[in-house]
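Please open the model in your viewer and keep the sequence panel beside it. The stops below say what to select next and what is to be found there.

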Amino acid sequence: MEPVSPSLFAAKSYRTPALVLRTHKLGEADRIVVLLTPEHGQVRAVAKGVRRTSSKLGATLEPFMFVDVQLVRGRTLEVVTQAQLRAPYGQALAADYARYTSAHAMAETAERLTETDGESGAAQFRLLHGAVAALARGDTDPGLLLDSYLLRALATAGWAPSFTDCVRCGAPGPHTAVNIPLGGVVCHDCRPAGSQSPAPETVGLLAALLSGDWSRANGSPPGARREAAGIVAGYLQWHLERVVKSLKHVERA
Amino acid sequence: MYEGAVQELIDELGRLPGVGPKSAQRIAFHILEADPEDMKRLSDAIRAVKERVKFCSICFNVSEQETCAICRDPRRDETVLCVVEESKDVMAVERTRSFRGRYHVLGGSINPIAGIGPDQLHIRELLNRLSDDRIEEIIIATDPNLEGEATATYLARMLKTIGIKVTRLASGLPVGGDLEYADEVTLGRAFEGRRSLIG
Ligand SMILES: [Zn+2]
Ligand SMILES: [Zn+2]
């Protein structure tokens, strides 16, 4: 880094809480870290020398860590000058394979949803933080946490599905047919060809995951969880267009 | 944009890891201005590595023959297998001189966001090697960072059913770093103080 005067440094530098979404190796010993922040949205920053043994920042700037970072604005990428660990979620996640893979799918989705959309940054940050913290606590089925996160992240991005009222005419539910392109359940009259007919408890689970009704979600049978996961994945794919690579590696109970 | 050959070189260089568009341009112009003999040696070295060097059919370390020098060496202890991410890590462990067993190179670490799951690594081949009952211990020496830890978690769980002793390099290695940057003394100590995950 070129030396900068203290006043210039202050003007170009800022401090923010952040979740580390992912890291890429860069050159000899650096990394690019992709961060999600509440006020600045998605930030891509260079962390210099973090792959070397002597680096103190390396352990802090790992995926799924909640950190406070000091950043200096650069032309294409920011530069991390300091980082403090606030919650080492990543550590707990690396010790549990199903949770680790679920966290990847969450981070990849968050990265995609905040790539261009700066508007919903704060909401996306809160949502991901809550989901990653819950994953790390380890008291809920990681598959349910993932599916709930995905539905709510899509809703926050402006693609809220409905699993209660008919998405076409608004007729109050419960309805049994699901149409992914239309965005959720459709009533008997509105039901277009090509709609799915999942089990009623699957539709109930999807509604619970979207609204955060955890007592209902936790009581759901394994078959409904599997079927709901398929519908959530279909819905995600429909809106994100490009495939979420992590999803096929997620280990489900 | 530059004319044909120059732009092609810039584009190719730009696809290398860690080389951005600016560096690609800088390297391309360095090559243009450099001594032709030096650049011929560079291109010969690239060609030779692509033609001659392959991966060992047993451990996936780089090798100029079907199997690598370590797998061919009868003096190496065949009861201990050290699992690493990359061939570079084999060199790092060899430098410590504290390991006399054999290796298994996974080809990376489990990193779903980058599209890498267990099937993209040489994990099935590792399992196949374990049907050889001379192997008594597996030392997991994946990088001391998050992806390396998660890969160790996955391997330990998978190997639990097989009934082989599984160990992980001792803490003391810098967390977040790459194994290849650990100095010989620290890495050697991590080997001696390895802790048991199973068995
Ligand atoms: Zn309707
Ligand atoms: Zn070999």
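How many helices and strands does the secondary structure of chain A come to? The answer is 8 helices and 7 strands, where helices (H or I, at least four residues) and strands (E, at least two) are DSSP runs, numbered from the N terminus. This is a predicted model, in which local features need pLDDT of at least 70 and side-chain atom pairs count only at pLDDT 80 or more, while totals for chains, interfaces and linings use all residues. Residues are numbered from 1 along each chain as its sequence is written, and chains are lettered from A and ligands numbered from 1 in the order in which they are written.

**Chain A as a whole**

Select chain A, whose C-alpha atoms fill a box of roughly 70 × 35 × 30 Å along the principal axes. Of its 253 residues, 45% are buried (20 or more other C-beta atoms within 10 Å of a residue's own; exposed means 12 or fewer, partly exposed in between, with C-beta atoms placed from the backbone). Among contacts in chain A with a separation of 6 or more, 55% join residues 24 or more positions apart, a contact being two residues whose C-beta atoms, placed from the backbone, lie within 7 Å.

**Two helices of chain A**

Next select residues 142-156 and 222-240 of chain A, which are helices α5 and α8; their axes come within 10 Å and cross at roughly 30 degrees. That makes α5(A) roughly parallel to α8(A), as angles under 35 degrees are so counted, with over 145 roughly antiparallel, 65 to 115 roughly perpendicular and the rest oblique. The axes are lines fitted to C-alpha atoms, for helices over the stretch in contact, and angles run from 0 to 180 degrees between N-to-C directions. On the α5(A) side the contact includes A:Leu150, A:Leu151 and A:Leu154, and on the α8(A) side A:Val232 and A:Leu236 are among the residues involved.

Continue to A:Glu241, in the segment after α8 of chain A, which has a positive phi of about 65 degrees although it is not a glycine. A:Glu241 is exposed, with 7 other C-beta atoms within 10 Å. Then go to the loop between α5 and β6 (177-179) of chain A, where A:Pro174 is placed; the peptide bond from A:Gly173 to A:Pro174 is cis, with omega near 0 degrees.

**Where chain A meets chain B**

Now show both chains: 28 residues of chain A are in contact with 21 residues of chain B. On the chain A side, β1 (13-26), α2 (89-94) and α3 (97-113) each give two or more residues, and α3(A) has the largest share, with 7 residues.

**Inside chain B**

Select residues 56-71 of chain B, which UniProt lists, in an unreviewed entry, as "zinc finger region: C4-type"; such annotations may be inferred rather than shown by experiment, and positions are given in the numbering used here, with feature names shortened. The end C-alpha atoms of this span lie 8 Å apart, and the span is 19% helix and 12% strand.

Is B:Phe60 buried or exposed? B:Phe60 is buried, with 23 other C-beta atoms within 10 Å; its place is the loop between β1 (54-55) and β2 of chain B, and its phi is positive, near 70 degrees.

Finish at helix α5 of chain B (residues 87-96), where B:Ser87, B:Asp89, B:Val90, B:Ala92 and B:Val93 are buried. These buried residues pack against β2 (62-63), β3 (80-84), β4 (102-105) and α8 (184-192) of chain B. Just after α5(B), B:Arg97 takes a positive phi of about 55 degrees.
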